[in-house]
Amino acid sequence: GNLLELYCGAGTHTCALSKYFERVVAVEVDAKLVEAAQRNLAANQCANATVVVDSVGKRRGRLHSVLRKRAWDDVRFDCILVDPPRRGS
């Protein structure tokens, strides 16, 4: 199956979970964290995972339609992981 991960941060969960899924699309709102996650995926050879920047939780972002369709481009999701940041973290 395929995983959609929201609020992926630096990709810690993305790397750990990628071995259990055919494809992983990880979404993050902070462009700097997307860069960190991409470096993390490359360092850990997670070739089946992609990290993208999008406005998670905002209607104007692409994610709203992705959640309705349960698909990102040609990737249809079987599982969605939501791990939003918490205050004080």
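Reader: Is Cys-15 buried or exposed?
Author: Cys-15 counts as buried, because its relative accessibility is 14%; buried means under 20% relative accessible area, exposed over 50% and partly exposed in between, with a 1.4 Å probe and protein chains only. This is a predicted model, in which local features need pLDDT of at least 70 and side-chain atom pairs count only at pLDDT 80 or more, while totals for chains, interfaces and linings use all residues. Residues are numbered from 1 along each chain as its sequence is written, and side-chain values use heavy atoms, leaving out hydrogens and water.

Reader: How many disulfides does the structure hold?
Author: The structure holds zero disulfides, a disulfide being a pair of cysteine sulfur atoms within 2.5 Å. Cys-15 is in none, and the nearest cysteine sulfur to its own, that of Cys-46, is 3.5 Å away.

Reader: Which residues make up the largest nonpolar core?
Author: There are twelve, including Cys-8, Cys-15, Cys-46, Phe-21, Val-34 and Val-51. A nonpolar core is a set of buried Ala, Val, Leu, Ile, Met, Phe, Trp, Tyr and Cys residues joined through side-chain atoms within 4.5 Å. The elements β2 (23–28), α2 (31–43) and β3 (49–53) each give two or more residues to this core, and α2 gives the most, with three. Helices (H or I, at least four residues) and strands (E, at least two) are DSSP runs, numbered from the N terminus.

Reader: What is Val-51 in contact with, leaving aside its neighbours within four places in sequence?
Author: Val-51 is then in contact (heavy atoms within 4.5 Å) with Cys-8, Ala-26, Val-34, Ala-37, Gln-38 and Leu-41. Apart from this core lies another, of ten residues, among them Leu-4, Val-25, Val-66 and Val-75.

Reader: Changing topic, in what order do the strands of the sheet run?
Author: The open sheet has four strands in the order β3-β2-β1-β6, with parallel pairing; two strands pair if DSSP finds at least two bridges between them. At the edges are β3 and β6 (79–82), each of which pairs on one side only.

Reader: How many bridges join β2 and β3?
Author: Five bridges join β2 and β3, in the parallel sense. The bridge partner of Val-24 in β3 is Ala-49.
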